[in-house]
Amino acid sequence: MNERVAIVGVGWAGFRPTTPELSYKELMYEAAVRAYAEAGVDPRRDVQSFVTVAEDLHEGTSIFDEYTPDQLGAALKPMHTIGGDGLHGLATAYMLIRTGQFEVVAVEGHSKASNILSLERVTAYAQDPLLNRPLGLNTHFVAGLEMNRYLYESGAEREQCAAVVVKNRRNALRNPLASFPGDLTVEEVLASPPLAWPLGQLEAARPVDGAVVMVLAGEGAARSLSDRPVWVLGVGWCNDSAALEYRDWAQAVYARQAARMAYRQAGLRDPQAQVDFAEVDDTYAYKELQALEALGLCPAGQAGELTAAGATVPDGDLPVNVSGGSLGIGHLLDATGLARALEAVLQLRGQAGPRQLEDVQVGLVQSWRGAPTSSGAVIVLGN
Amino acid sequence: MTAKILHFPGVSLSEADFEQGRVLFNQDRLHGDFAWDTGIAIGSYLAALRRGVILGARCRRCRRVVVPPRVVCEWCYRPMSEYVPLQDSGKVNTFSLCYVTWDVQRISEPEIPAVIEIDGASPLHGILHRLGEVDPQQVHIGMRVKAVWKPPADRQGAITDILYFKPVVEV
Amino acid sequence: MGMRKVAVIGAGMTRFVRRAQETGKELSWEAARMALESCELTLDDIEAVCMGTAPDAFDGVHMKAEYLSDGAGGWRKPYMRSYVGGGTGVFAPIQGWYHVASGLFDTCLVVCEEKMSSYTPHAQAAFLTIFDHTTERPLEPNLLWIFALEMNRYMQTYGISKADIARVSVKNKRNAADHPCALLGERDITVEDVLNSEVLAWPVQRLDVSPVSDGAVAVVLAAEHVAKRNTDRPVWIEGVGWCLDTAHWTNRDLAYPRYVEYAARMAYEMAGIKEPRKEIHIVEPYDPFDYKELHHLEGLLLAERGGAPQLVADGVTERNGAMPVCPSGGLLGVGNPIAAAGLMKIAELFWQLRGEAGARQVPGQPRRGLAQAWGDLMQVGSVVIMGR
Amino acid sequence: MTLLERDPNAPAAWLGELPLASRYTAGLAGERFLRAIKDEGRIYGARCDRCGVTYVPAVAFCERCLNAIEEWMDVGIRGEVYTFTLLYQDLDGNRLEQPELVAFVRLGDGGLVHRLGEVQAGEVAIGMPVEAVFRPAGERVGSILDIVYFRPSCG
């Protein structure tokens, strides 16, 4: 059994609103070549198992796992697909390596969101077919309902949600992978047209194309492959109620439970003090506030105030979404968690360039599956 | 435990239960519209089809010519070295006489799908297509066939620019 | 430290039916609840849940695992879905295995569900979208094409006749007559019935094919210390293997399933099996079409290449033969709700190895069994070896 | 990263669809729940005594313990607005001229997502009592749309 597991190679491709010059397979290939080169592995010889995260309806292909192996070097090897976020994929690789059956495992996630002409209709097909879908509503309504109840219970304000947008898009100015950098004011964000009131148009992340590949290894292999392995200290994932009718509308219970699981493994008793930075869900601006509370990174009901006061900017007490988050980078569908984990790896290695944080040892990454779901995953990474 | 269990759950309905309103149900459709980027290899394959050429690619390391082309060799993971224009003929690797359309309509004249090993590609390397201008009973594995193309003006850069493959009359 | 041992300690399933009234959530729940009751556990005892379910198109729900999570017992638990096409039903217990073998969890509920009847007008049409969207779908292929193409190549390569293959369908449909959940059990079916059935896509005829179905199956997995506390008769997962071949299915030999062999070799090595033909006592290979059972026995190294038909002809694969194959009745007889059908094979081995299979019980107190599934574009092998 | 280059005449994208046509049964619990709306104009919940949860809409099983639920109850047609939103986009992502007023109406320990009617957006507040407005009995088909919307109720 391998007790410890590390990330030893990362690669990316795309990270733009459109990537017309590459097919999805070629996008995956480009990310994979980078990751394998960085880890110094030959996938045909050294990588023993492969995992992709993907959903059929995002691909336009049924049982999409068919088309995953070739461009990753996985043909005739143990490969499978997870219907989940990139962090679910990392958790899977973590489990595979811990069994002792595998030493080196690669994880891939991608988005070709620009190829989905009817993305909103596809998303709506995730609604309950009997109770919700007959209403014919764009799935953003779920975010509107959630945000309204979250503001009501937490006392957070719309201005504080807008501050998340301002911060993340400013952070994106220093990230070359970000598609939506910007220097906005809270007033400008609040003046954007409403999407699902109280949620404004500028408070929703826009989809982008991209692919991320990561190579993970057990402790022995990790030490020989990398000078700077980034250790997986803990993983957690959780589903709250599948039904809109029974879930918690105000709190991200799935994030709270997933974090508890990950913290237990990582031995974090006081995450607020022990986590140096966080890359968390900001699919919608309020989600970042909701997540910080669920993750125990600030007291309940205080994420809004702390954000407005600047606690989560890069030189604040707890830098959050230094990468620019999904609001600044864009949303990579199923690969979103991997994009956040990519930032955490770069930060922990000291490779984050102009946005490098000083003296960071432990990073927290969290992801949500998006509306209308109530599920997500957490991973704690450290040097 | 199955031996001890007397009742297994699962309520079976008939089509009549739906038609005669004995059960409630909801119907829905998804128009999932996509514009898949063709990219480098498949984009070039489609462009070649428009010119009346079946395009392959060579892996120098594996000494293999594949079709359709791809940017990386799935066996050695080296980038494919070059494109290779192939013949528009080949032999039937396997085939079927299919009396059911994709949407499960019964037909009297069979569709004849086949895997056709393309001349110029490595052995066992072929594409999926249909056979035409042939008596279904005469089709056999190993049969030589040749592509029947749409007129150049009608081609769109699609696999359907080849209408079907027909037997080559041996002289 | 060696690998953690993982056991199956409970199983449950719904009937496999053509059109279920239950929603997919309800089917999942029925199977999950039965599995928990079978080992006298409650949902509180379950630490993680794995869901296996194949294309979203069937159930007609995007991200369908999210939708199914409450029925599967995933409420506020670590819950994850895996898929490898038709191989999913035997892969999901592998997923459960690595959940427990990783040391993260001591118990895991594995649920597989498929509600194919939701796809209208006919579930088969959904298979159009498993083909490559640019190079193949414009040809309007259906699922029968690839089976027919593979079957024809297999027959031609080894000189196998339709009658050789039809015996598999007869055996499995007869076996299924003893399965209380079966959709197409037929005690009196004959080889002639199969050979005279409607031609769908020559060489595939109606009775060569397993029926489209709705259903769910669940099993409970536990780490060694929990399993031993729970039952005197745990059934151990001794080996697992899986393998995914290239998507370029028209660039390889269809006569032999190399991906099944690779998956099997991985599982045999893990289980310490050197001579599979002597050491495997019951086989539940994937049989969505009758020739696939033969194809898979060869890939599993349980028959020579091209030699599986002779085993069937000689009665070796009968329920009371030397190597019973699909004593459950398989997909051909019990039904084929894709992922659920694969997990049904795991449930069957569980019941057989515990001597609880009733009318289907294989004689001679079998000690070890193998289940296998297959899927995607003739591309996936997933293998689980279970033993007492 | 590749040695192959893209043919300058390559078509940019291949257009196609993932066609889905689905027929969903209401299911064991849904059948009874929707029939009650259709035939009786009533909303039913179901209670799991073990977990102390009253599920609305009624369900066949408790998601918390997976026990079967037998105990059904009429929970009335009145609830309160638990949260609401004003939705400005349609299913194609186009801007709606007339935004939709959507609420989650609390009933028992669950509730229903539905439209609000006979009220202006500015008048809606969390906690506001509302009641279901049903289609005329003869026009109901056994769908969630047999409820037209929820409207403010006098208590």
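How many of the 16 residues of α5(C) are buried? Before I reply, a word on conventions. This is a predicted model, in which local features need pLDDT of at least 70 and side-chain atom pairs count only at pLDDT 80 or more, while totals for chains, interfaces and linings use all residues. Residues are numbered from 1 along each chain as its sequence is written, and chains are lettered from A and ligands numbered from 1 in the order in which they are written. Helices (H or I, at least four residues) and strands (E, at least two) are DSSP runs, numbered from the N terminus.

The reply is 12 of 16, and the helix is thus mostly covered. A residue counts as buried if 20 or more other C-beta atoms, placed from the backbone, lie within 10 Å of its own. Among the buried residues of α5(C) are C:Trp145, C:Phe147, C:Glu150 and C:Tyr154. Their packing partners lie in two chains: β5 (89-95), β6 (97-100) and β8 (113-118) of chain B, and β5 (199-202), β6 (204-205) and α11 (290-299) of chain C.

The length of this helix, residues 143-158 of chain C, agrees with expectation, because its 16 residues at 1.5 Å a residue should span 22 Å and its end C-alpha atoms are 23 Å apart. The expected span is 1.5 Å times one less than the number of residues. After α5(C) comes C:Gly159, with a positive phi near 65°.

I turn now to chain B. Here an open sheet of 3 strands is ordered β3-β2-β4, with antiparallel pairing; strands pair if DSSP finds at least two bridges between them. At the edges are β3 (64-66) and β4 (82-86) of chain B, each pairing on one side only. From one strand to the next, the twist averages 35°. Between β2 (residues 54-59) and β3 of chain B there are 3 bridges, and B:Arg58 has B:Val65 as its bridge partner.

Finally, I come to chains C and A. Which numbers of residues meet here? 53 residues of chain C are in contact with 51 of chain A, contact being C-beta atoms, placed from the backbone, within 7 Å. On the chain C side, β3(C) gives the largest share, 5 residues. Strand β3 (residues 79-82) of chain A runs antiparallel to β3(C), joined by 2 bridges, and A:Thr81 has C:Tyr83 as its bridge partner.

Key
Axes are lines fitted to C-alpha atoms, for helices over the stretch in contact, and angles run from 0 to 180 degrees between N-to-C directions.
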